[in-house]
Every structure is written in structure tokens, then in C-alpha cells.
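Take a look at the fold below.

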Amino acid sequence: MTDDPQTRPNRLDLGRVFNEVPELYDRVRPGYPDELFADLGAITGMDRRSSVLEVGCGTGQATRTLAALGSSVTAVEPGAGMAALARQRLASFPDVDIEGSTFEEWDDRGRRFDVLVAAQSWHWVDPSIGWQRAHDVLSPGGWMALLGHVVVRRPGEPEVYAETADLHERFCPGNPDWGHPPLEEEVRTTDEGWGLVDGPGGLFGPTIVRWFPTVQWFDGDGFADHLRSLSLFRRLDRDVREPLLDAIAERIRSRMGDRASRRYLSVLRVGQRAE
């Protein structure tokens with residue numbers, strides 16, 4: 001990400017592609033392990049008295065766990081379809097309020113929060129605005145927490161991209177985003193900072209980083225649906241995307257026994273607001 005304002009419309013457009021398929025997104029995207037939220041609570045002291053701001057709640061996957069911990073949650077989500085599904089999913093939690101807006105344009109109405117959580121969403125926020133806003137809406141001593149997933153591979157383990165690289169190149173040749181996932185052991189070495197090119201400067205203290213290995217299993221059609229929920233594939237023309245995903249599903253059926261894994265390192269990065 002850069003601070004160049006010319007890149008901002010493109011970032012917003014890509015962020016909105018998830019709003020096209022909220023039910024699919026909710027069904028196929030990975031959740032976060034309970035251990036991650038346990039560490040989040042232990043580090044930040046988050047409890048039933050805490051107020052939590054969630055930036056980019058999507059369909060409410062992380063919101064559900066935050067709400068179950070008993071904290072009051074204000075969630076900001078720019079996608080109307082995503083927000084509507086989140087409200088439906090979270091109707092039984094009276095202390096959850098979902099507000100439709102980008103974080104950059106959101107009206108905080110002077111409210112201040114103990115913890116800000118962004119689950120796989122902070123890279124859609126303009127860094128020239130977002131970090132300062134995060135600092136401003138947190139109470140003194142408040143905490144910033146970024147949750148995410150990094151797709152990884154393990155040596156010698158069957159991996160979908162390795163089995164389908166020729167299909168990616170056939171249907172969308174020369175795409176610079178194609179490539180093998182990094183090795184898990186390599187990702188574990190990136191345990192400093194916020195994991196982003198544009199960090200917060202001195203607005204937040206040193207980060208605490210925790211890794212949590214997780215895995216999803218799919219049949220061929222399920223894996224294709226998972227890829228349909230990713231911005232990398234959603235921004236392809238439909239006439240390219242659908243034949244490619246159909247071919248990937250068939251390859252998983254024919255070469256991988258119709259069973260494929262998507263391996264992740266889920267990551268928690270937490271830092272305290274600097275005074």
C-alpha cells in the first residue's frame with residue numbers, strides 16, 4: 001500500500017468486491033481459532049466492561065466471538081450486503097451495533113474505545129488516515145489488534161497451486177499475482193511490526209505477535225467456491241474466472257482425490273496506544 005491518493009479508488013473498488021457475495025464469503029472463509037481470542041483478551045485485558053470497535057466486520061465472523069466474550073461491540077462495515085448479513089447473524093447479541101461506513105468516513109460521535117480490532121480488513125483502509133484515526137478513537141491505554149490469515153505451504157505436502165499453476169497460466173497468462181504460497185517456516189520469521197508496508201510510526205507501541213496454525217479442507221467444488229470469495233479472483237472477468245475455477249475443481253477431483261487443504265498461519269498483532 002502507498003499513500004498515493006491515486007491508488008485509493010482502486011483499493012476501495014477491490015474492497016467492495018466482497019459485498020457481491022456475502023453469503024458465499026460467510027460460508028467459505030476461515031474463522032479464527034479460540035486460542036487467538038484468548039490471547040487477545042489476556043493481552044488487552046478485554047472483558048465485559050470493555051468497549052470494542054471493529055473495523056470492517058464483513059459478515060460478522062470475528063464479531064460473533066467478540067460479542068460472545070461479553071464486550072460491547074461497535075462494528076463498522078462499508079458493504080451494505082455484508083452489513084445486512086452480519087446484522088442477521090448477530091441479532092441475538094444486544095450489545096453489538098453495526099454501522100454502515102468506511103472507517104475513514106465514519107462518524108465516531110466523540111465515542112472512545114478500549115480495543116480496536118480489524119480482522120483481515122486493515123489493508124483496505126487508507127494508511128494515511130487510518131492509523132491516526134485508530135489512535136484518536138482509542139482511550140488512553142487502549143489497544144490496536146490486527147487479525148489475519150497468511151496462506152502457507154509445508155514441504156512435501158500436496159498443495160493446490162502447485163497442482164494447478166498451468167491452469168492459472170492458461171486462463172490468465174502473465175498475472176503477477178500468481179505464485180506459490182510461502183513456506184510456513186518462512187512466514188513465522190516475520191514476527192515484528194504490523195506486517196504492513198505502511199506502519200503507524202510512533203502512534204502505537206511495540207507489537208506483540210502470535211501465530212496460530214489452522215487448516216481448511218475442501219472438495220473440488222468447495223475449493224472453487226473459496227477462490228470465488230477472494231479479491232484476486234473476483235476482479236477477474238467472469239468469462240475468465242469461471243472457466244478457470246471449473247478447471248481447478250476438476251483438477252482437484254482428478255489428481256487430488258477430491259480433497260484439498262488450504263493451510264494458514266492465523267496471526268494476531270497487538271500494540272498499545274502511545275500517549
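Start with two strands, E1 (residues 51–55) and E4: they pair in the parallel sense, over three bridges. Valine 52 has valine 115 in E4 as its bridge partner. Keep in mind that this model is predicted.

Now stay on E4, which spans residues 113–119. How many of its seven residues are buried? Six are, so the strand is mostly covered. Buried here means under 20% relative accessible area.

E4 has another partner. Strand E5 (residues 138–151) runs parallel to E4, and six bridges join the two. Look for alanine 119: its bridge partner in E5 is leucine 147. E4 therefore pairs with E1 and also with E5.

What lies between E4 and E5 in the unit they make? Helix H6, residues 127–137, takes that place. Trace the path from E4 over H6 to E5, and you have followed a β-α-β unit. The unit is right-handed.

Now step back to the whole chain. It has eleven helices and seven strands. There are 275 residues, and buried ones make up 54% of them.

The chain exposes about 12700 Å². Carbon and sulfur atoms supply 48% of that area.

Terms used: Residues are numbered from 1 along each chain as its sequence is written. This is a predicted model: local features need pLDDT of at least 70, side-chain atom pairs count only at pLDDT 80 or more; totals for chains, interfaces and linings use all residues. Side-chain values use heavy atoms; hydrogens and water are left out. Helices (H or I, at least four residues) and strands (E, at least two) are DSSP runs, numbered from the N terminus. Buried means under 20% relative accessible area, exposed over 50%, partly exposed in between (1.4 Å probe, protein chains only). Accessible areas come from the Shrake-Rupley method with a 1.4 Å probe; for residues, only the protein chains shown count as cover. A crossover is right-handed if, with the strands pointing away from the viewer, the path from the first strand over the helix to the second runs clockwise.
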